[in-house]
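Please read each numbered point with the sequence and the structure at hand.

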Amino acid sequence: MKLFDQFNRKINYLRVSVTDRCDLRCLYCMKEKMTFLSKKEILTLEEIERLCDNFIDLGVKKIRLTGGEPLVRKDIIKLINKLNLKLGNTNLKEITLTTNGSLLSNFAKQLKDNGINRINVSLDTIIEKKFKKITRFGNLKKILNGIDEAQKNNIIVKINTVAIKNFNEDEFINLIEWSNKRNIDITFIEVMPMDETGLDRHLQFVPLDKVFEKLNKQFDFYKINKNTGGPSVYYNSKNLDNNIGFITPLTNNFCDNCNRVRITSTGKLFMCLGQNDYVDFKDLLRKDYSDETIKEKILFALNIKPKKHDFIIDKNTKPYMKRHMNVTGG
Ligand code: SAM
Ligand code: SF4
């Protein structure tokens with residue numbers, strides 16, 4: 001079976017936020033003081049697995065675990081192990097992870113042993129002091145050790161860098177060359193106007209179309225046909241071995257090709273990262289409804305998947321998104 005939404009877009013990619021908690025507090029993602037969900041509010045690993053099973057039955061091929069920080073969820077490896085058993089004998093073809101990398105050195109081997117071959121690591125700067133500033137208290141060394149450990153275990157790493165005004169604009173070339181040396185692809189992402197973090201979005205936002213123009217002068221990019229299932233558009237250069245991606249929700253809308261939906265750790269299905277509507281699955285899971293009913297509700301949700309997000313960043317527009325990025329993850 002194949003899943004289509006009301007605009008005939010094929011949906012085969014599910015992102016699952018396994019926790020809203022995180023061991024960092026990135027300035028553009030969270031407020032300094034966050035209130036996190038209690039244990040009873042979040043789905044158990046069994047409930048997450050059952051929901052995933054229903055999506056897989058309906059045609060989902062790729063699952064990305066995210067958060068918050070997915071590696072702070074207790075027993076996360078158990079869930080990955082269960083999902084790994086479905087690779088190859090169901091519709092599921094890939095399990096992957098987006099992580100801040102802080103716990104990666106402890107987990108890399110277990111991830112590899114449980115079927116994870118590719119991960120995204122978020123890294124906005126490779127300067128220690130700046131890393132501490134943007135994450136409020138993070139330790140860059142831990143992340144770099146984590147990346148090394150992942151590569152030692154033959155996990156393909158991709159770096160995700162959020163472009164932040166007056167913060168890392170001067171590092172983009174360095175970041176590209178640094179990741180090139182490590183044989184790592186890197187994707188730059190525009191900051192999105194999710195819920196308030198205490199800092200004005202328009203003071204954080206850097207339009208990537210302008211960044212591309214500048215970088216292009218240095219690298220003379222050419223577009224390549226790489227598609228990892230996400231919204232990144234990739235380029236290569238004669239001077240580089242790695243691929244450079246750009247995710248441009250604000251300057252170049254990619255919603256026509258959207259292939260994904262997102263489940264939060266409490267079982268809410270967000271059909272679009274940039275809209276507030278959701279369909280809640282927690283009751284269905286907890287009140288012992290059948291898998292058929294769960295599937296019917298998934299189909300219903302896809303029928304109301306919005307056409308596009310309506311992100312706006314300007315001085316006079318308050319973000320209309322009522323959740324921080326750690327609720328749905330990336
Ligand atoms: N903690 C993990 C991490 O940082 O990779 C996974 C969750 S985090 C919310 C997923 C991604 O969202 C990270 O790459 C992060 O940089 C990005 N992100 C967070 N807030 C964002 C925002 N307002 N706009 C754009 N990207 C954001
Ligand atoms: Fe945590 Fe990731 Fe948000 Fe940073 S971006 S605070 S690492 S969830």
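This is a predicted model: local features need pLDDT of at least 70, side-chain atom pairs count only at pLDDT 80 or more; totals for chains, interfaces and linings use all residues.

1. Asp-200 is partly exposed, because its relative accessible area is 45%, and this value falls between the cut-offs of 20% and 50%. The residue belongs to the loop that runs between strand E6 (185–190) and helix H7 (208–219). Along the chain, Asp-200 and Tyr-234 are 34 residues apart, and their C-alpha atoms are separated by 29 Å.

2. Asp-220 is placed in the loop between H7 and strand E7 (222–223). Leaving aside residues up to four places away in sequence, Asp-220 touches Leu-215, Asn-236 and Ser-237. Its separation from Leu-203 is 17 residues in sequence and 29 Å in space, taken from C-alpha to C-alpha.

3. Which residues of H1 are buried? They are Leu-45, Glu-47, Ile-48, Glu-49, Leu-51, Cys-52, Asn-54, Phe-55 and Ile-56. After H1 comes Gly-59, with a positive phi near 125°.

4. The largest nonpolar core has 96 residues, and those that touch the most other members are Leu-14, Ile-63, Leu-65, Leu-111, Phe-188 and Phe-221. Helix H1 gives the most to this core, contributing 6 residues. In soluble globular proteins, nonpolar side chains tend to be buried together. As for Leu-65, its contacts beyond four places in sequence are Val-16, Val-18, Pro-70, Ile-76, Leu-79, Ile-80, Leu-83, Thr-96, Leu-97 and Thr-98.

5. Ligand 1 is surrounded by 18 residues, of which Tyr-28, Gly-68, Thr-99, Ser-122 and Met-192 are the closest. Several polar distances deserve attention here. An oxygen atom of ligand 1 lies 2.9 Å from a polar side-chain atom of Tyr-28. For Ser-122, the distance from an N or O atom of the side chain to an oxygen atom of ligand 1 is 2.5 Å. In the case of Glu-69, an N or O atom in the side chain is 3.3 Å from a nitrogen atom of the ligand.

6. What surrounds ligand 2? The shell consists of Cys-22, Leu-24, Arg-25, Cys-26, Cys-29, Met-30, Gly-68 and Asn-100. By type, these residues divide into 5 nonpolar, 2 polar and 1 charged.

7. In helix H6 (residues 172–181), the buried residues are Phe-172, Leu-175, Ile-176, Trp-178, Ser-179 and Asn-180. Their cover includes helix H5 (140–152), strand E5 (156–163), E6, H7 and strand E9 (244–247).

8. Apart from residues up to four places away in sequence, Asn-180 touches Asn-239, Leu-240, Asp-241 and Asn-242.

9. Two asparagines have positive phi values. Asn-166, in the loop between E5 and H6, has a phi near 55°, a positive value in a residue other than glycine. Asn-166 is exposed because its relative accessible area is 72%. Asn-183 also counts as exposed, at 60% relative accessibility.

10. Lys-318 is located in the loop between helix H9 (291–303) and helix H10 (325–328). Why does Lys-318 count as exposed? The reason is its relative accessibility of 63%, since exposed means over 50%. Lys-318 and Leu-123 are 195 residues apart along the chain, and 27 Å separates their C-alpha atoms.

Key: Residues are numbered from 1 along each chain as its sequence is written. Chains are lettered from A and ligands numbered from 1 in the order in which they are written. Side-chain values use heavy atoms; hydrogens and water are left out. A residue is near a molecule or strand if one of its heavy atoms lies within 4 Å of it. Ala, Val, Leu, Ile, Met, Phe, Trp, Tyr, Cys and Pro count as nonpolar, Asp, Glu, Lys and Arg as charged, and the others, Gly among them, as polar. Buried means under 20% relative accessible area, exposed over 50%, partly exposed in between (1.4 Å probe, protein chains only). Helices (H or I, at least four residues) and strands (E, at least two) are DSSP runs, numbered from the N terminus. A nonpolar core is a set of buried Ala, Val, Leu, Ile, Met, Phe, Trp, Tyr and Cys residues joined through side-chain atoms within 4.5 Å. Contact means heavy atoms within 4.5 Å. A polar contact is a pair of N or O atoms within 3.5 Å; within protein, one must be able to donate a hydrogen and the other to accept it, and residues adjacent in sequence count only if both atoms are side-chain atoms.
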